Amino acid sequence: MKVMAHRGYSGAYPENTMLAFRKAVEAGTDGIELDVHETKDGQLVVFHDEIIDRTTDGAGPILSYTLSELKAFNAAKLYEGRLPFEPIPSFEEYCAWAAAQKIFTNIEIKTDNVFYPDIERKTWDTVVRYGLEDRVMFSSFNHLSLLRLKEIVPPEIKLGALVPRVNGLKVFPGAYCGWAGFQAYHAPVEILDEENVRDCKEHGIQINSWTVNDMAGLEKLWDLGCDGIITNFPGVAKGWLLSQEAGK
Ligand code: G3P
Ligand code: CA
């Protein structure tokens with residue numbers, strides 16, 4: 001099983017910042033999961049929410065700011081007094097850094113609530129510009145974004161169908177992903193069970209599960225034989241997995 005650091009090492013550092021990404025690598029993660037949105041001037045930024053209020057000292061929608069305006073906000077607001085100013089990274093900045101790392105990246109296209117025309121093409125073009133083609137996969141809750149990616153990226157690039165905790169596709173996800181041409185099922189750990197895992201395996205669909213931040217979750221994914229763990233604590237998950245593998 002592979003460990004993906006959810007929004008970087010977000011259990012201990014400001015989510016979706018370069019600091020959180022660097023710390024995830026230092027902790028030994030196999031991969032990084034991050035979220036991509038677009039700014040008012042059409043730039044790609046790494047950020048989770050549609051508005052910047054929760055994690056920065058600014059307010060309002062990402063879409064209402066240019067990239068240079070967004071750079072003035074502190075993405076480490078929740079760590080005030082403990083950590084210095086940390087900017088919102090552009091996706092380009094992330095790719096420039098990732099090109100020198102030995103990790104893969106799970107890029108979530110955040111088109112669940114906002115329609116960003118051509119975000120899929122822009123994201124892929126940036127991946128190619130930095131030579132990261134063999135170290136990325138894509139995921140999205142908006143499966144139309146995945147279908148759009150299918151038209152853009154080579155067939156060997158994995159696409160993961162994210163499904164929500166509430167009303168997420170729980171029955172026959174393997175058949176669904178196979179039918180749609182998605183290579184992976186990205187399910188919350190709570191909705192995984194022996195039946196839907198078996199269905200995925202029968203259809204050759206990978207299972208990457210989120211957000212696994214406790215031992216019960218790790219053990220469940222290990223017992224079910226999942227492929228990837230998306231966690232806020234990559235160091236803990238990696239250490240536990242290594243000890244499991246050593247004891248096999
Ligand atoms: O990739 C799994 C997870 O990131 C999906 O939920 O809201 O954290 O983007 P969210
Ligand atoms: Ca995400």
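Q: F138 first: buried or exposed?
A: Buried, since F138 has a relative accessibility of 0%. Buried means under 20% relative accessible area, exposed over 50%, and partly exposed in between, using a 1.4 Å probe and protein chains only.

Q: What kind of model is this?
A: It is a predicted model: local features need pLDDT of at least 70, side-chain atom pairs count only at pLDDT 80 or more, totals for chains, interfaces and linings use all residues, and side-chain values use heavy atoms, with hydrogens and water left out. Residues are numbered from 1 along each chain as its sequence is written, while chains are lettered from A and ligands numbered from 1 in the order in which they are written.

Q: Where is F138 placed?
A: In strand β5, residues 136-140. Strands are DSSP runs of E, at least two residues, helices are runs of H or I, at least four, and both are numbered from the N terminus.

Q: How many Å separate the C-alpha atoms of F138 and T55?
A: 24 Å, with the two residues 83 apart along the chain.

Q: Switching to the metal. Which protein donors hold the calcium ion, ligand 2?
A: E33 (OE), D35 (OD) and E108 (OE). They lie 2.1 to 2.2 Å from the ion. Donors are N, O and S atoms within 2.8 Å of the metal, or 3.2 Å for Na, K and Ca; water is not among the atoms, so sites may look incomplete.

Q: What spacing do the donors follow along the chain?
A: E-x1-D-x72-E. D35 in strand β2 (residues 31-38) and E108 in strand β4 (residues 104-109) link distant parts of the chain, 73 residues apart.

Q: And D35, buried or exposed?
A: Buried, because its relative accessible area is 0%. E108 also counts as buried, at 4% relative accessibility.

Q: Now helices. What angle do α8 and α9 make?
A: About 45°, with the axes 11 Å apart. Helix α8 covers residues 215-224 and helix α9 residues 234-246. Axes are lines fitted to C-alpha atoms, for helices over the stretch in contact, and angles run from 0 to 180 degrees between N-to-C directions.

Q: What do you call that arrangement of α8 and α9?
A: The two are oblique to each other. Angles under 35 degrees count as roughly parallel, over 145 as roughly antiparallel, 65 to 115 as roughly perpendicular and the rest as oblique. α8 passes α9 in a right-handed crossing. Right-handed means the near helix is turned clockwise from the far one by less than a right angle; anticlockwise is left-handed.

Q: Which residues meet between α8 and α9?
A: M215, L218, E219 and W222 from α8. From α9, they meet A237, W240, L241, Q244 and E245. Contact means heavy atoms within 4.5 Å. By class, these residues are 6 nonpolar, 1 polar and 2 charged. Ala, Val, Leu, Ile, Met, Phe, Trp, Tyr, Cys and Pro count as nonpolar, Asp, Glu, Lys and Arg as charged, and the others, Gly among them, as polar.

Q: How exposed is Q244?
A: Partly exposed, at 26% relative accessibility. Q244 sits in helix α9.

Q: What about α4 and α5, at what angle do they pack?
A: About 50°, with axes 9 Å apart. That makes α4 oblique to α5. Their crossing is right-handed. E120, R121 and W124 of α4 meet S145, R148, L149 and I152 of α5.

Q: Backbone next. Which peptide bond is cis, with omega near -25°?
A: The one from W210 to T211. T211 is in the loop between β8 (206-210) and α8.

Q: What is phi of D118?
A: Near 70°, a positive value in a residue other than glycine. Most residues other than glycine have a negative phi, and most peptide bonds are trans. D118 is in the loop between β4 and α4 (119-129). It is partly exposed, with a relative accessible area of 35%.

Q: And where does N167 lie?
A: In the loop between β6 (159-162) and α6 (173-180). N167 has a positive phi of about 60° and is not a glycine. N167 is exposed, at 75% relative accessible area.
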